[in-house]
Amino acid sequence: MGSYDHVRDLQPRGISLTTINLRIEEIFFRFTRFREWDASEMSFGKVVALMADPDPGIIAIPVFVSRVFRHSAIYVRKGAGIAKPKDLEGRRVGVPEWAQTAGIYVRGLLAHEYGVDLRSIAWTQAGVGEPGRIEKVKLHLPGGLRVTPAPDRSLADMLAKGDLDAVISARDPGGERMFPDYPAQELAYFRKTRIFPIMHVVVLRREVYERDRWIAMNLLQAFEQAKNLSLARAAEIGVSSVPVPWVADHARRWRELVGEDFWPYGLEPNRPTLEAFLRYAFEQGVCVRHLKPEELFAPETLEKAKI
């Protein structure tokens, strides 16, 4: 798992954790390819691709440790003449992986919010800063969509040299943002759609879950408790929880918009986001069938005991 403030107090009942903190790309590569751990933070795009298979080797719990709005993830080459989303049609656009979660969300909003024809774009897949990055899951691209790997190049190099007109990436490849005022665009997008993009979800190896099914709910409860402690730190006005000014003010404004739990876990509070992402992933050929949100998560985590 990444080293987030909202997981630092993680203490699940009945479970002794050995926690390994790594860079996100390494976590996803090692768990997708080799299942090296019992539980892992995981790219949501990879999760839905695997869960659509007849016999997935994983199961998720509705814990969303990373969420990022992605209007900011569209970078254009200076002088390319791209000022608005429709200008991407007929252009050369790079992605780190077609199944990268950030890219799925961006292509979804381009198609559904701005009417961009994804089939008109010449897509190139390559590492952001270094050559050799590959897709981690099998794709099922619909007719008319084409993605060409460039194993010997990087997106940053191709963008700088004019071989790409734009890049969609969670990490900055250089270039200029298509939406310079992206916070305002993202806020308007949330108000309209109620989509708060989920990037990373927590998953278990299915054999581990099936051996001890109680761990799914115990982990969910522990993640909830750790998150609530983190949200309280973010809202604290007397001290600085992170070395950035006005954090508590940002937290107050976001809470006023979203509600008291402004980083929600669980299925129902996140249904608009989950349903949109599953639709985008299917339309773009990331998963072989259109999943329902309930299919992703351990059944025990979809209900809570009440007194």
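This is a predicted model: local features need pLDDT of at least 70, side-chain atom pairs count only at pLDDT 80 or more; totals for chains, interfaces and linings use all residues.
Residues are numbered from 1 along each chain as its sequence is written, and side-chain values use heavy atoms, with hydrogens and water left out.

**The sheet**

Six strands make up an open sheet of mixed pairing, in the order E6-E5-E4-E7-E3-E8. Strands (E, at least two residues) and helices (H or I, at least four) are DSSP runs numbered from the N terminus, and two strands pair if DSSP finds at least two bridges between them. Strands of a sheet pair through backbone hydrogen bonds, either parallel or antiparallel. Strand E6 (147-154) and strand E8 (176-177) are the edge strands, each pairing on one side only. E8 runs antiparallel to strand E3 (residues 74-76), and two bridges join them. In this pairing, Val76 stands opposite Glu176 of E8.

**The helices**

Helix H3 (residues 101-114) lies across E3, strand E4 (92-95), strand E5 (122-127) and strand E7 (166-168), at about 120 degrees to E7. Axes are lines fitted to C-alpha atoms, for helices over the stretch in contact, and angles run from 0 to 180 degrees between N-to-C directions. H3 also packs against helix H5 (residues 182-193) at an angle of about 70 degrees, their axes being 13 Å apart. H3 is therefore roughly perpendicular to H5, a term for angles of 65 to 115 degrees. From H3, Leu109, Glu113 and Tyr114 make the contact, and from H5, Gln185, Tyr189, Lys192 and Thr193; contact means heavy atoms within 4.5 Å.

**Two residues**

Arg30 lies in helix H1 (residues 24-34), whereas Thr124 is found in strand E5. Their accessibility is tabulated here; buried means under 20% relative accessible area, exposed over 50% and partly exposed in between (1.4 Å probe, protein chains only).

| Residue | Relative accessibility | Class |
|---|---|---|
| Arg30 | 23% | partly exposed |
| Thr124 | 14% | buried |

Leaving aside neighbours within four places in sequence, Arg30 is in contact with Leu22, Arg35, Glu36 and Trp37. The side chains of Arg30 and Glu36 are joined by a polar contact of 2.6 Å (a pair of N or O atoms within 3.5 Å; within protein, one must be able to donate a hydrogen and the other to accept it, and residues adjacent in sequence count only if both atoms are side-chain atoms). With the same exclusion of neighbours within four places, the contacts of Thr124 include Val93, Gly94, Val95 and Thr148.

Methods. Angles under 35 degrees count as roughly parallel, over 145 as roughly antiparallel, 65 to 115 as roughly perpendicular and the rest as oblique.
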